Amino acid sequence: MAEQSVNLGVRIGSLILKNPVMPASGCFAHEYAQAMDLGRLGALVTKSVTPKRRIGNPVPRVAETDAGMLNSIGIPSNGLLYYVDHIVPHYAGVPAPLVASVSADTAEEFAAACEALSLPGIAAIEANISCPNIEADGRAFAMSARDTHRAIAAIKRCARVPIWAKLTPNVADIAEIARAAEDAGADALVVANTLLGMAIDPHTRKPKLGNVMGGLSGPAIRPVIVRMVFQCARAVRIPVIGCGGIMSAEDAVEHLLAGATAVQVGTASFLDPAAMIGIIDGLVAYCERHGVARIAELTGAVRIDAGLTDRWLRLAQQSG
Amino acid sequence: MMIGTHACRVLEHQWVNARYKYLRLACPAPLARSTLAGQFYQLACPVSDAEKPFLRRPMSVYGIGPEEDRIEFLYHVKGMGTRALERLRRGDTLSIVGPLGRGFSFSAQWKRVLLVARGVGLATMAPLVPLAARAGVGITAVLSARSPADLMQQEFLRAAPARVHAVFDSDGSSALARVEPLVERLLAEEQPDMVYTCGSNRLLELLQAKQVRGEVALEQQMACAMGVCLSCVRLFNEGGDKVFRRVCCEGPVFPIAAVAGEVQFG
C-alpha cells in the first residue's frame, strides 16, 4: 500500500490515530468486519449506549430523501453491562482505538455512565449530547450552551478517559456551544450530528417515519456541517472531528480544510459497507496528487482571501 | 471478505409481463457459489434525470447460476427504486452488495415441500425449486396472483416438475375462505416436511393458524442491510418472550411460528 509515502496520522488530544477516518456513531457495528478490515480504520466508534435499556422507536425508522436519508432509530440499547460484556470484546484484537458513544437523560447519568466506561480497552468516550431523537420535540443538551457546559463538566469530573462532545447542528450559534464544551473540559468536539427533519408521503398523508421527525444525514447536509466545522474550529483550540455527508475522500478533505482534524463517516457506509476503506485509500491518492506529506497539514488550510471583500467594495465604489 | 460490493454487467433485462421484469447479471466474482436460496443483495438503482434513489434497494435473489458468476432477479416495477432499475440496459453496470441475510433451510432427506407464494413473493422462493428438484424432493405450490396474466408459473418452476394450485383475485379463488380449505387439504394429504411462504401477511397468518412447520421470508424497510443501522426490526416470539430481530441479518427468513403481530403504522 502507498500509505508509507504519506503520513496520515493525526492527533486528537492525547490520542494518536494512524489515519483520520473513523465511523460515525450509529452507523457502525462489528457486523462490518464481514465487509472490511476494521484494523485499517483510524478509530472505531460504536453505537450510543445508554445507562438504561431502551427499545427504540416504532418503524419505519428510515426514509429516503433527496441526496440523503432521515432516521429515527431511537437509540435502542441494552445498557452499560451488556455493552461491556458483549460489545467491547468484539474489538479486542482490532488494532484501532475504541471510542464508546454514550447517551443519557441527565448530566448525572451521563457522568456515572462515563465513569463506568472508563475502562481498559476504551480509548475515549464520545458524549452524545446531541441526538435529536431522544428528548421530547427533538431537544437535547447541546441545544443550549448552559446544558452543554453542565453535562460535559459533570462528565469530566468522573471520567478517566478523553471526552469528545458530539454537538448538534440544530442550533443558531454552534460556536457558542463549542466554546461551552471546551470551557467545561471537552478534549475534542464532534461536529456534528443529524439535522432534525421531517418527510410526509403526499399520497397517504402519513409521516414517512414512525417517530414523525428524525435526523437528516447524507450529502444533502454536508455544506451545512462544513460551515459549522469552520465556525467551531475558529472558536476553540481543541480538535474538531468533522461529521456530515462525507461520501468520498474529496468530501473528507473538504471537512479537513474547514478545520477538522479527523472525520467520521456514517451514511456512506450504508451504501457501501467498505466505504471508509475507499476514503482512506482516496486520501492517500489525494495527498500524493497534491504533494501533501502530512495529512495534518490540511486541517484549517482552506484558502480564504481575507482582503477580497474590501477590494470588492473599493471596486464597487468606482462603479456608477 | 464475505460480503462485497460487486460491479456487475447486465446480460439480460426484459419484461416477463406488464408489471414484472427479469434481470440477469454477470458478476466479477463467483457469487453463485456463495449465494443461498432466500438471501438478498442491495442494488444501487441508477440515478437519472427522472429518478434519484439515494439508498440501495434490497432484493432477494430469483436465480443462482448455473454459471458460477450468474445471479438473477425478478422484480415488480413499482416504486422509485425499481423504476430507476428498470432503465438499465444490456451491457450496463449495476453495483450490488452481498450476499446478505440468512436463507431458507432445506434438507435433501425431505419427501415433499409446500410453497405458498403471493405475487412477487414467488421470486424469493424460486431458488428453492431447483434445489428440491435436484434432490428429488416433491414440490407442491400454491401460487396466488391478481390475474392469470400476473401468475409467472413458468418463471417460477422453470420446467421443474410440481403440483401447482394457482388462485386469482380476478375469479375470487384467492379469497382466504377458498384458499384455507385448499391449504388444509394439502397439509393433510401430502404431509409436507416443510412449508415456505413469502409475499402475503394473510397467507402467513393462515399458515400460522395451521401451526405448520415452515419458514417465511419477510420484508422491512432497511438502510445498511447488514445489521448495523437497526432500522429493519420486527417483533418475534422466541422461547415465550417477545424479542426484536433485524430482518436484514437475522432474517429475512424466519420460522413461521415466530412472527409476532405487527403494530400498524399510521
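1. In this predicted model, strand β1 (residues 4–15) of chain B is joined to strand β2 (residues 20–26) of chain B by six bridges, and the two strands run antiparallel. One position can be followed directly in the coordinates: B:Glu12 has B:Arg24 in β2(B) as its bridge partner.

2. These two strands belong to an open sheet of seven strands in chain B, ordered β4-β3-β7-β1-β2-β6-β5, with antiparallel pairing. The sheet ends at β4 (57–60) and β5 (63–64) of chain B, the edge strands, each of which pairs on one side only.

3. Chain A also contains an open sheet, here of eight strands and with parallel pairing; its order is β3-β14-β13-β10-β9-β8-β7-β4. The edge positions are held by β3 (21–23) and β4 (44–45) of chain A, each pairing on one side only.

4. The crossing of α6(A) past α8(A) is right-handed.

5. Which residues of α6(A) and α8(A) meet? From α6(A) come A:Ala249, A:Ala252 and A:Val253, and from α8(A) come A:Ile279, A:Gly282, A:Leu283, A:Ala285 and A:Tyr286. By class, the residues of this contact of α6(A) with α8(A) comprise seven nonpolar, one polar and no charged.

6. The last point concerns the contact between the chains. Chain A contributes 33 residues to the contact and chain B contributes 26 residues. On the side of chain A that touches chain B, the elements giving two or more residues are β5 (62–65), β6 (68–71) and α7 (267–271) of chain A. The residues on that side of chain A divide into 18 nonpolar, nine polar and six charged. The size of an interface is often given as the accessible area lost when the parts come together; the description above is given instead as residue counts for chain A and chain B.

Definitions and conventions:
Residues numbered from 1 in each chain as written. Chains lettered and ligands numbered in written order. Predicted model: local features only at pLDDT ≥ 70, side-chain atom pairs only at ≥ 80, totals over all residues. Contact = placed C-beta atoms within 7 Å. Helix = DSSP H or I, 4+ residues; strand = E, 2+ residues; numbered from the N terminus. Nonpolar A, V, L, I, M, F, W, Y, C, P; charged D, E, K, R; others polar. Left-handed = near helix turned anticlockwise from the far one by under 90°. Pairing = 2+ DSSP bridges.
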